[in-house]
Amino acid sequence: MSPASSSSRPHQAYVRALSRKGPGLARQPLYADRLEAVEMTNEVNQWAEKQTNGLIKEVLPFGSINDLTGLIFANALYFKGVWIEKFDVLEAKYEDFHLLNGSSVRVPFMTSDEEQFVRAFYGFKVSRLPYNPVNEEGTEAAAATSSGYLTFECDEGPKEIDFVADHPFLFVIREDMTDIPLPPLLSLSLSLCNPSYSSNKVSSKMDLKQLIRNQTEVSLSLAKQVSQSESKDSNLVFSPPLIHVVLGLIAAGSKGPTQSQVLSVLNSRSTDDLNSLTSQLVSLVFADGGPTGGPKLSFANGVWLDQSLSLKPSFKLVVDTVYKAALNHVDFQTKAVEVTNEVNQWAEKETNGLIKEVLPSDSVDDSTRLVFANALYFKGAWTEKFDASKTEDQEFHLLNGSSVQAPFMTSKKKQLVSAFDGFKVLRLPYKQGEDKRRFSMYFFLPDAKDGLSALMEKVSSESGFLDRHLPYQREIVGEFWIPKFKFSFGFEASKVMKGLGLVLPFSGGEGLIEMVDSPSVGLYISSIFHKACIEVNEEGTEAAAASACVMTWDCYVEPQVVDFVADHPFLFVIREDMTGVVLFIGQVLNPIVVD
């Protein structure tokens, strides 16, 4: 609708353009005298009320039009949808809705025991209701604009298991085929239904979600490099966060080109970002969930420093507060063998006996001055355990064309599985504790029996691959078999890091001068060792990993039936789903090989 002054008529081209617009707009402009401002205000408001089925009664406030007004352009949108699964009005009840000012109001909440489309992200959750939250029957919404004025009128409020919209939230009504959003509203008070927008101060530091996303990209590139250079014909498992933490500590103790190279390899802007990520990992992700019924987790860092040296105060602060590493003063010069045994015993204890030797016997000598080690232990039980009596031997097809007999687990229950172009993804969630963390194991199974290499290339080269290829809906599964397996894998991570372009910390010079107080000589990294093991069976998963960095003098150192039969080499990932942190990555080439 476009009312215009009778004394100033629109250009005919504009009139023709108006006549081509769709429903909801007047085909021809309406003309009014400048002295009829009040009447025209009423006319526009009555038009908006009619177009929005009575929901928008006043798009133009009185006084907004006067005798100087020459043209008004108004439009209106009305929407009414019915839930696919209606809420039971008898189940609605009053609960507290918490306002931003700390107070609360009593409002009616809807609820349902049905499965919902819901996804949890770090710091927030998203629920999808076809259509969007308003009342037990569905959604009714309207909007109208005029001369810069915008009005929305609506009701609010969905609830799902562990999805309680009892505090300010964002909602969007969207057409899912085109991704076109209808009125976006930020609800600050359900009792008043008064949409308002607020701007929050953006932190200068990169947010945790982006830091984890960057770490995941590095982890997948590392997995590809390890697969190609260290485990071409063997099973593989390792823990990217442990290597990431080691390199983060190296970055904190370096400067100049050496630090810049470490940051570049880790896809990080600064040591502050790395320290922030490590601190969050230790406090949020690696906390033990065993006491509250979740996965048992243990993470530890340790530093062994020659008794002739001391850490620089700034570096010691990072070691103590960020990495929470225990500092041990030892005698490398005369007791290198004893120190090696001490580090290995520490790793064995921290991994519940699974990793017995992270440092090879000849890796430490009288020139060693510092060893940094870390360890991660994980044990989780499946949310839905497999029936051991249903496990049976079947053929597993190897990359060389032959096959072996291996024990396979199965289930007739619906599974979290999705089929993509050339591969399928299965998610097996672990039993959750009382906190919000959600751990899962993902199986990436190529369609082709020899397709693991191509799948690994795709996983590691496409940005955001993991997040775009995770199943979130349970599907009916036809054939469903996954093998039991148990194996360990170790490699010298320093060789892999050099392959990724990290060379300066291993080449000496002035790079690593921020770690220890030393009058004349510096440090270099002589080697980084990593070892991991994993067991997957009907009960769940037990996995552990340990890394050790040795530094020496003088240079830095869905709705369809899906078959999921993992009877040929596949990739797996153990991940914390709230944050997206990847704990372990591996590949299974032969499930009956133990080591």
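Axes here are lines fitted to C-alpha atoms, for helices over the stretch in contact, and angles run from 0 to 180 degrees between N-to-C directions. Helices (H or I, at least four residues) and strands (E, at least two) are DSSP runs, numbered from the N terminus. This is a predicted model, where local features need pLDDT of at least 70 and side-chain atom pairs count only at pLDDT 80 or more, while totals for chains, interfaces and linings use all residues. Residues are numbered from 1 along each chain as its sequence is written, and side-chain values use heavy atoms, with hydrogens and water left out.

**View 1. Helix α4 packs against helix α6.** With α4 spanning residues 240-252 and α6 spanning 271-285, the axes sit 10 Å apart at an angle of about 140 degrees. That angle makes α4 oblique to α6 (under 35 degrees counts as roughly parallel, over 145 as roughly antiparallel, 65 to 115 as roughly perpendicular, and the rest as oblique). On the α4 side look for H244, V245, G248, A251 and A252, which meet T271, L274, N275, L277 and T278 of α6; contact means heavy atoms within 4.5 Å. Sorted by class, this contact has five nonpolar, five polar and no charged residues. For the classes, Ala, Val, Leu, Ile, Met, Phe, Trp, Tyr, Cys and Pro count as nonpolar, Asp, Glu, Lys and Arg as charged, and the others, Gly among them, as polar.

**View 2. Helix α6 also packs with α3.** Here the axes are again 10 Å apart, but the angle is about 95 degrees, so α3 and α6 are roughly perpendicular to each other. From α3 come L208, L211, I212 and Q215, and from α6 come D273, S276, L277, Q280, L281 and L284. The tally for this contact is six nonpolar, three polar and one charged.

**View 3. Seven strands make an open sheet with antiparallel pairing.** Read across, the order is β16-β32-β31-β24-β23-β22-β25. β16 (236-238) and β25 are the edge strands, each pairing on one side only. Helix α3 (residues 208-229) packs on the sheet and touches β16 and β32 (581-588), its direction making about 20 degrees with that of β32. Two strands count as paired if DSSP finds at least two bridges between them.

**View 4. Strand β22 has antiparallel partners in β23 and β25.** Five bridges link β22 (residues 415-420) to β23 (residues 423-429), and S418 has V425 as its bridge partner in β23. The two strands form a hairpin with two residues between them, and G422 in the turn has a positive phi of about 95 degrees. Towards β25 (residues 474-475) there are two bridges, with Q415 partnered by E475.

**View 5. W346 sits in helix α8 (residues 332-350).** At 16% relative accessibility, W346 counts as buried (buried means under 20% relative accessible area, exposed over 50%, partly exposed in between, with a 1.4 Å probe and protein chains only). Leaving aside neighbours within four places in sequence, W346 is in contact with A300, N301, G302, W304, A373, N374 and A375. G302 is 44 residues from W346 in sequence, and 8.6 Å from it in space, C-alpha to C-alpha.

**View 6. N53 has a positive phi without being a glycine, and so does N352.** N53 lies in the loop between α2 (37-51) and β3 (74-82), has a phi of about 60 degrees and, at 52% relative accessibility, counts as exposed. N352, with phi near 60 degrees, is found in the loop between α8 and β19 (368-381), and is partly exposed at 49%.
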